[in-house]
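Reader: I am new to this structure and would like a friendly tour. Could you show me the sequence and the model before we start?

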Amino acid sequence: MKDFISKKGIYIAVAAVVVAIAAAISVAVSGGNSGFANMLSEPFFKPIKGAMTSLVGSLEHIYDYMYRYDELQAENERLLARVAELERDYREYTEVSEENERLHKLLGFAERHEDIVMEPVSVISWTASNFSSSFTVSKGTSAGIAVGDPIVTANGYLVGQVTSATSSSCTVTTLLDTTFRVGAVIYESGDTGVISGDHQLMKEDRVKLAYIGDEANIMTGSTVVTSGSGGLFPAGLVIGKVSGISVSSSGLDPFAIVEPSADIGESAHLYVITDFAVSE
Amino acid sequence: MGKGKYATAIKLLILSPYLILIYILQSTVFTHLTLFGTKPMLLPVAAVGIAIFRGRVEGGVFGLFAGMFMDMSYNQPTIEFTLILTFTGILLGALSDTVLVRGFPSYLLCSALQLAICSASQILVMTVTQSIPIPALLPVALRQTAYSLILSLPFYYISRFLTRLI
């Protein structure tokens, strides 16, 4: 066996074990960091990845233009017809718009969160894993970002949470990931639950609202916001809307299926909430 | 330090831009270029190619760094794939040095084995740490293995070309 693997092979295997132990120690020591290799390599790869991501984005636009031109033209004609239809429905639209504005005021995000401090960030790269949902953003601890900070869109829709950070970048685990958990409340009814990622729902860009109880009054279309319990997330961040009700495989635990309001896969510019006043 | 050691180090240095390029591709372009919503694993098949054509030492070292980059592209500590790709690199390289014929069938078989081990490891970690049932994870594992295996074809020719070059 020794001849089969060779002495050098054994040295290389030992080196791999040392690297793994060093990574485990660095994660344990730094708490939530994704290891020394990420920290060391980030300054080198960050600009390359950023440039490549921008390039891929541009290529996608060119692809859309070249291969979807006819489709877009047809869609444009349909939309023109739709505009005429919408003009007829203008009055109704205005009423809906006013109601929407009123609901936003009711949510009172801005009023209740004047204390929020946000740091704008750009997405550098997405995880290559099919079993998780996370991405790396352009700023890290030097910009005041810390592990556990929530991250939202410009509208204040929740996207995820910072799970590891270096001085120049950080990794965000999205609410679609199976490890993500946040206390939530149904805005209309006040019923509470826990938003968590689910492997089956991840591919459909949906999440699960679990621990809702049998008596909960949850309707399709209800708005789900963060409860603020635990103090990790500000209360009132919009998570999404209920798109259905289901039960666990055991048939005992009902849960709501929630469609996130944030367009998670498409968001390029986001905001990390670095500070907020905890309101219990 | 003998001349041979320098030669191996130089060969590995020549291979490093290839490794970095695959890492960049895997963590940027191929996170968008999905097949049925599934992203491929490029680094494991590239590591197989080097192990098959270069043997246990270069296969092991390339596997070590490919594994570290693989873990980094998954935003996780350099443990899981660092160990897997190093050990499979040494093992496949040793097999290639002794009993395996250095041809496409061997490469394809070893790539399938490598991808199956990587997927099995991911399933094991998720099942143990998050109690997700295996049947829920299997379809994704199969899709990513199939997609990666399709993309393994160019890596066979690139590995063979690089081997002849150095």
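What follows is a set of questions and answers about this structure.

Reader: What kind of model is this, and how are residues and chains labelled?
Author: Residues are numbered from 1 along each chain as its sequence is written, while chains are lettered from A and ligands numbered from 1 in the order in which they are written. Local features need pLDDT of at least 70, side-chain atom pairs count only at pLDDT 80 or more, and totals for chains, interfaces and linings use all residues, for this is a predicted model.

Reader: What ipTM does the predictor give the complex?
Author: Two scores are given for the complex. The pTM is 0.77, and the ipTM is 0.82.

Reader: Which element of chain B has the highest confidence?
Author: Confidence in each residue is given by the predictor as pLDDT, from 0 to 100. Chain B averages 90, and 97% of its residues score at least 70. The lowest mean, 84, belongs to α1(B), and the highest, 95, to α2(B).

Reader: How many helices and strands does chain A have?
Author: Helices (H or I, at least four residues) and strands (E, at least two) are DSSP runs, numbered from the N terminus. By that count, chain A has 7 helices and 12 strands.

Reader: What share of chain A is buried?
Author: A residue is buried if 20 or more other C-beta atoms lie within 10 Å of its own, exposed if 12 or fewer, and partly exposed in between, with C-beta atoms placed from the backbone. Chain A has 280 residues, and the buried share is 36%.

Reader: In what order do the strands close into the barrel that holds β1 of chain A?
Author: Two strands pair if DSSP finds at least two bridges between them. β1(A), residues 117-126, pairs with β12(A) over 6 antiparallel bridges, and Ser122(A) stands opposite His269(A) there. With β2(A), residues 134-137, β1(A) forms 3 antiparallel bridges. The 6 strands of this antiparallel barrel close in the order β1-β2-β5-β4-β3-β12.

Reader: Which residue is the bridge partner of Ile151(A) in β12(A)?
Author: Strand β3(A), residues 150-152, and strand β12(A), residues 269-275, run antiparallel and are joined by 2 bridges. In β12(A), the partner of Ile151(A) is Val272(A).

Reader: How many residues of strand β5 of chain A are buried?
Author: In a regular strand, side chains alternate between the two faces of the sheet. On one side of β5(A), Cys170(A), Val172(A) and Thr174(A) are buried, and on the other Thr171(A) and Thr173(A) are buried too. For this strand, residues 170-174, the count of buried residues is 5 of 5.

Reader: Which residue of β5(A) is the bridge partner of Ser164(A)?
Author: β2(A) and β5(A) run antiparallel with 4 bridges, and Phe135(A) stands opposite Val172(A). The partner of Ser164(A) in β5(A) is Thr171(A).

Reader: Why does Arg181(A) count as partly exposed?
Author: Arg181(A) is found in β6(A), residues 181-186. Its C-alpha atom is separated by 6.6 Å from that of Val194(A), 13 residues apart along the chain. Arg181(A) counts as partly exposed because its C-beta neighbours inside 10 Å number 16.

Reader: How far apart are the end C-alpha atoms of α5(B)?
Author: The expected span of a helix is 1.5 Å times one less than its number of residues. The 27 residues of α5(B) should therefore span 39 Å, which agrees with end C-alpha atoms that are apart by 38 Å.

Reader: How many residues of chain B are in contact with chain A?
Author: Two residues are in contact if their C-beta atoms, placed from the backbone, lie within 7 Å. On the chain A side, 40 residues take part, and on the chain B side the number in contact is 40. The elements of chain B that give two or more residues to this side are α1, α3, α4, α5 and α6.
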